[in-house]
Amino acid sequence: VADRRDGIGVCGWILVSLSFLLVLITFPISIWACIKVIREYERAVVFRLGRILSKKAKGPGLILILPCTDTFIKVDLRTVASKIPPQEILTKDAVTTQVDGVVYYRIHSAVSAIANVTDVHSATFLLAQTTLRNVLGTQSLAQLLAGREEIAQSIQATLDSATEQWGIKVARVEIKDVRIPVAMQRAMAAEAEAAREARAKIVAAAGEMNVSKALKQASMVLAESPAGLQLRYLQTLTTLAAENNSTIVFPLPVNMLENVGQKNRGG
């Protein structure tokens, strides 16, 4: 008999029968105390004489509750956004940081959320704090700053597996902010500035090398054609004249300068 009556026993079934009889005697007044309305985003876990009435929560819509023997607890199935306060974490490379985040989760099994844990929201919140500290403690500062999405996915997977028996589904984990000490910020800024200066010098040196190679090739071409040097003089004069300045340039043939030099040596 106990198995057929959901494990409440013979005495329990007698009490349920008396409760049902009371409802019939006081009908229709008692019907207002028996009918409960469950919203679309809610589920009701019904207890009959202290035992869960079924393995599945009831709702949404109208549900029937027997007075004296039945009680129920409403469970909200909407997604909850829980803010994780700043946690002081020592990273793998011994840097103290403060990290905060947000956890988005929802209850997918109302029966598990009521029967397996005292306060499901508090338990999930505390577990999220602990998981955040444990996961970030295995990462270096560079990994923490560059791989937020991967770290958030790792925290989400850990939380989701741990809260499955509580009827919780972790939808998303986001790391909001990473705060590092001021002295470390200055050191990182100096390191980044030095790296940029080094890259700038390398680029400038590469540019000088390319320019020298181009000038060498140009000098070889001009040496093969003396008239080409005169044309280059004329192009330079045209460029200077187009800028509306007072500079006057008189191009002289190179061979004339060589003759003048030879006469001076001869004298």
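Predicted model: local features only at pLDDT ≥ 70, side-chain atom pairs only at ≥ 80, totals over all residues.
**Exercise 1.** How far does H4 reach from its first C-alpha to its last, and what is expected?

*Solution.* Start with the length: H4 has 17 residues. At 1.5 Å a residue, 24 Å is expected. The helix reaches 24 Å, close to that value.

**Exercise 2.** At what angle do H4 and H6 pack, and which word describes H4 relative to H6?

*Solution.* Locate the helices first. H4 covers residues 120-136 and H6 covers residues 148-162. They pack at about 135°, with axes 10 Å apart. That makes H4 oblique to H6, because angles count as roughly antiparallel over 145 degrees and as roughly perpendicular from 65 to 115. The crossing of the two helices is right-handed.

**Exercise 3.** Which residues make the contact of H4 with H6, and what are their classes?

*Solution.* From H4 come Leu127, Ala128, Thr131, Leu132, Val135 and Leu136. From H6 come Ile151, Ser154, Ile155, Thr158, Leu159 and Ala162. Now sort by class: nine residues are nonpolar, three are polar and none is charged.

**Exercise 4.** Which residues of H4 are buried, and what covers them?

*Solution.* The buried residues are Val120, Ala123, Thr124, Ala128, Gln129, Thr131, Leu132, Val135 and Leu136. Their cover includes strands S6, S7 and S8, together with helices H3, H5 and H6.

**Exercise 5.** Is Thr124 buried or exposed, and what is it in contact with?

*Solution.* Thr124 lies in helix H4. Its relative accessibility is 1%. Buried means under 20%, so Thr124 counts as buried. Leaving aside neighbours within four places in sequence, Thr124 is in contact with Tyr105, Thr163, Trp166 and Ile168.

Technical notes:
Residues numbered from 1 in each chain as written. Heavy atoms only, no water. Axes fitted to C-alpha atoms, helices over the stretch in contact; angles between N-to-C directions. Helix = DSSP H or I, 4+ residues; strand = E, 2+ residues; numbered from the N terminus. Parallel < 35°, antiparallel > 145°, perpendicular 65-115°, else oblique. Left-handed = near helix turned anticlockwise from the far one by under 90°. Contact = heavy atoms within 4.5 Å. Nonpolar A, V, L, I, M, F, W, Y, C, P; charged D, E, K, R; others polar. Expected span 1.5 Å × (residues − 1). Buried < 20%, exposed > 50% of the residue type's maximum accessible area, 1.4 Å probe, protein only.
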